[in-house]
Amino acid sequence: MQKLLILLLSTFLFSYTYGQKVQTLTTKAATNVSYTSATLNGTVNPDGESEWVKFEYGLTTSYGSGGWADPMSVSGSIDVDVIFNTPSNLEPNTLYHFRVLFFGVADPIGGDLTFTTLALTTPTLTTNSVTEIRQNSAKSGGVISDNGGSNITAKGVCWNTSGNPTTADDKTNDGSGDSDFNSTMTGLIRNTTYYVKAYATNSTGTGYGNQHSFSTTTNTEWTGSTDSDWDDSNNWTDGVPSSDDDVIIPSTTNNPNVNISNAQCYDMDINAAGALTIPTAGGLTVGGDLTIKASSSTNPASLNIQGSGSLTVTGTTNTECYISGTTAWHYISPPVASHAITVIQGYYANSYNESTPGWVNLTGSSTLTKMNGYSVKNNSGSATVTFTGTLNNGNQSISVTNSGTGDDYGWNLIGNPYPSYIDWDAASGWTRHGSDTTVYLYDASSTQYATFNHANGYSTNGGSRYIPPLQGFFIHVSTNNTVQMTNAVRVNSTIDFWKKTEEDTLSNALTLIASGNDCNDEIGILFDQNATTDFDVAYDAYKLFSSKAEIPQLYTNLESGSEMAVNVLPLLTENISINIGFMIGVSGEYSISTKGINTFDEKVGIFLEDTQEDIIIDLREENYNFSSDPVYSDDRFIVHFHKAASISEKFEKDNSIIIYSYNNCIYIKNNTNKVFKGQAIIYNILGEEVFREQLNNFNLNKFDLKLSKGSYIVKVISNKRIYSEKILIN
């Protein structure tokens with residue numbers, strides 16, 4: 001009887017008679033009680049009739065302050081379970097009353113029961129295992145099992161080196177919400193033990209997951225303290241790297257040479273000015289990421305694969321290209337087969353069309369492709385462009401064209417396809433069908449073109465045989481053809497950009513240097529037994545002018561009208577004079593100096609004439625200083641070369657005084673070290689005197705007499721001696 005009474009009390013069984021039928025309703029305990037909701041349960045015995053039932057709930061037995069459930073229809077002659085999921089609008093940590101009843105009928109009703117919603121807590125979560133542990137990074141995350149009854153506003157992982165980390169320590173912020181999350185810890189110190197926990201924060205506070213500990217890997221840095229042997233532990237700070245070790249290759253005297261076939265590491269950084277070589281017998285596997293760096297302060301990094309040397313990168317390969325924040329253009333070329341132009345998003349960018357000829361603006365749909373050169377400019381400041389993808393290696397080629405006649409055609413902007421320097425003067429590896437032997441490199445810092453000729457090694461404006469990684473450059477070709485290169489042209493170089501480290505040592509090579517406005521420009525006049533007076537593809541170089549008005553620029557002209565930066569002529573067998581063009585865009589004070597005069601026989605006279613100022617100076621003795629307004633003149637200056645007498649000539653003829661004509665002017669040169677006094681007398685072919693004048697004390701005297709065409713005799717009376725020479729005025 002006592003058990004029956006308890007059962008009756010716990011189920012609150014009620015019944016009533018309706019139309020001779022007994023109806024019963026029972027309120028049962030609430031389930032799925034959470035912070036803001038619950039499931040209300042009950043049973044009803046409609047005794048065969050269809051009835052409508054509902055639940056009501058509230059803070060008291062009046063129920064009105066809570067709510068009620070939509071009615072539901074039940075029928076049958078046995079007990080029917082009825083449930084209702086309350087709306088998610090309950091208050092946490094609150095006592096609620098509820099009961100089941102018939103809809104629309106005052107009686108009967110189920111008994112009153114209560115439930116209490118859960119109190120708000122901090123979130124409950126677990127910490128993911130730590131993976132991808134590197135020297136300065138690792139990955140973890142968390143799984144949230146309970147948000148604690150409140151929206152999660154922040155989540156991530158936190159870590160320290162002492163244990164039990166909190167959000168007051170280093171942490172990630174991986175967003176909000178109840179979803180699981182992954183986190184990457186950065187800024188870690190190599191070879192260090194860390195402790196990590198996942199965390200999640202709601203309005204109540206922050207909950208933490210379980211703690212994991214881990215140790216970062218070591219990195220080993222190349223020192224090259226012994227030699228270039230990769231496999232020698234003495235060349236590394238922490239021994240020869242394994243597959244778990246991160247590697248740093250800095251700029252050193254001894255660059256590493258991967259001389260084994262199974263070299264390994266995880267991440268590898270080749271710092272700016274650093275270099276790595278993988279020879280034919282070598283092989284390197286990078287299990288993580290490879291980064292080839294560049295900077296503003298030094299030359300770029302270099303990765304040189306020779307012959308059949310192999311490189312495998314499991315992760316991502318990033319190759320940096322530094323572009324200074326100036327108004328100057330930079331010529332670049334991608335180290336990968338192709339790359340979206342978005343790598344230079346926001347830059348001005350052009351390709352060069354040889355057949356137009358001229359520059360072509362690139363668009364957002366353009367693609368940068370290997371061995372093509374591009375001009376880019378970044379007006380918004382210095383930046384590092386990063387190319388991502390598999391590095392070019394092995395044989396590379398590009399078609400080159402000459403679409404017309406004249407000096408404007410045949411110019412092809414190509415590029416270094418490798419992440420290493422290439423040698424324009426390499427003994428093998430080049431196939432340059434139809435190409436001149438000169439390479440033209442643009443220096444963004446000076447806005448000038450440098451040249452280098454691989455036939456004789458002569459250069460202007462600091463040009464060098466070594467072309468940097470990711471560098472675009474011009475070549476000139478005479479016919480449609482192909483330029484090819486192999487790994488044999490690849491080298492490691494420590495030369496800044498393409499700058500030379502020492503002067504030319506060619507014989508009979510004169511460099512003229514125009515200076516002013518803190519700028520310089522060079523041209524070359526050389527003499528070679530294999531050269532001609534026309535354009536020689538093996539020796540000569542065209543003049544490519546800078547657009548900068550402040551640069552004083554020199555050039556020579558061939559008879560064809562071609563403007564030259566390097567003019568190579570046959571060997572000196574007679575006196576020769578060469579017009580020197582001059583261009584400057586602003587007024588100022590300028591000078592012309594030389595280098596290479598000492599490569600000529602000391603008895604060869606070399607003079608510079610300023611046709612505008614009517615001044616002649618001995619370039620062996622002094623530089624020339626002058627003023628100039630803006631000008632573009634083909635003949636502002638003349639360089640006179642006077643051939644020295646041979647030993648046999650000294651016994652046959654007195655060469656103390658040399659007389660010759662050039663451009664319808666007569667020149668008299670004092671070849672002695674004595675004071676030059678006397679007079680010059682000129683006779684026509686009939687023996688009539690047409691000119692007489694005292695000589696000045698210059699080493700070279702010029703007389704522009706506007707004489708008619710024909711032959712003349714020039715007589716010089718000096719120091720009680722008489723010299724005469726027959727000359728021709730054209």
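## Aromatic pairs

In this predicted model, Phe582 and Phe637 are both buried. Their ring centres lie 5.8 Å apart with the planes at 80°, so the pair is edge-to-face. Phe582 belongs to strand 50 (residues 576-584) and Phe637 to strand 55 (residues 631-642), so the pair ties together parts that are 55 residues apart in sequence.

The count of aromatic pairs comes to 35. One of them, formed by Tyr194 and Phe214, is stacked, with 5.8 Å from centre to centre and 20° between the planes. This pair links strand 15 (residues 193-201), which holds Tyr194, to strand 16 (residues 206-215), which holds Phe214; the two residues are 20 apart. Both Tyr194 and Phe214 are buried.

## Ring cluster and charges over rings

Ring pairs also join residues into a cluster, whose members include Tyr331, Tyr352, Trp359, Trp411 and Phe474.

Two charged side chains sit over tyrosine faces: Arg134 lies 3.4 Å from the ring centre of Tyr266, and Lys377 lies 5.4 Å from that of Tyr348.

An open sheet is built from four strands in the order 27-32-29-30, with antiparallel pairing. Strand 27 (330-332) and strand 30 (358-361) are its edges, each pairing on one side only. On average, neighbouring strands are turned by 35° against each other, direction ignored.

Three bridges connect strand 27 with strand 32 (residues 374-377) in the antiparallel sense. Within strand 32, Tyr374 is the bridge partner of Ile332.

## The loop at Thr252

Thr252 is located in the loop between strand 18 (246-249) and strand 19 (263-265). Its relative accessibility is 18%, so Thr252 counts as buried. The side chain of Thr252 reaches the backbone oxygen of Asn254 at 2.9 Å. Beyond neighbours within four places in sequence, Thr252 contacts Trp222 and Thr223.

Technical notes. Residues are numbered from 1 along each chain as its sequence is written. This is a predicted model: local features need pLDDT of at least 70, side-chain atom pairs count only at pLDDT 80 or more; totals for chains, interfaces and linings use all residues. Side-chain values use heavy atoms; hydrogens and water are left out. Buried means under 20% relative accessible area, exposed over 50%, partly exposed in between (1.4 Å probe, protein chains only). A polar contact is a pair of N or O atoms within 3.5 Å; within protein, one must be able to donate a hydrogen and the other to accept it, and residues adjacent in sequence count only if both atoms are side-chain atoms. Contact means heavy atoms within 4.5 Å. Two strands pair if DSSP finds at least two bridges between them. Axes are lines fitted to C-alpha atoms, for helices over the stretch in contact, and angles run from 0 to 180 degrees between N-to-C directions. Rings of Phe, Tyr and Trp (its six-membered ring) pair if their centres lie within 6.5 Å; planes under 30 degrees apart count as stacked, over 60 as edge-to-face and the rest as tilted. A charge sits over a ring if NZ of Lys or CZ of Arg is within 6 Å of the ring centre and within 35 degrees of the ring normal.
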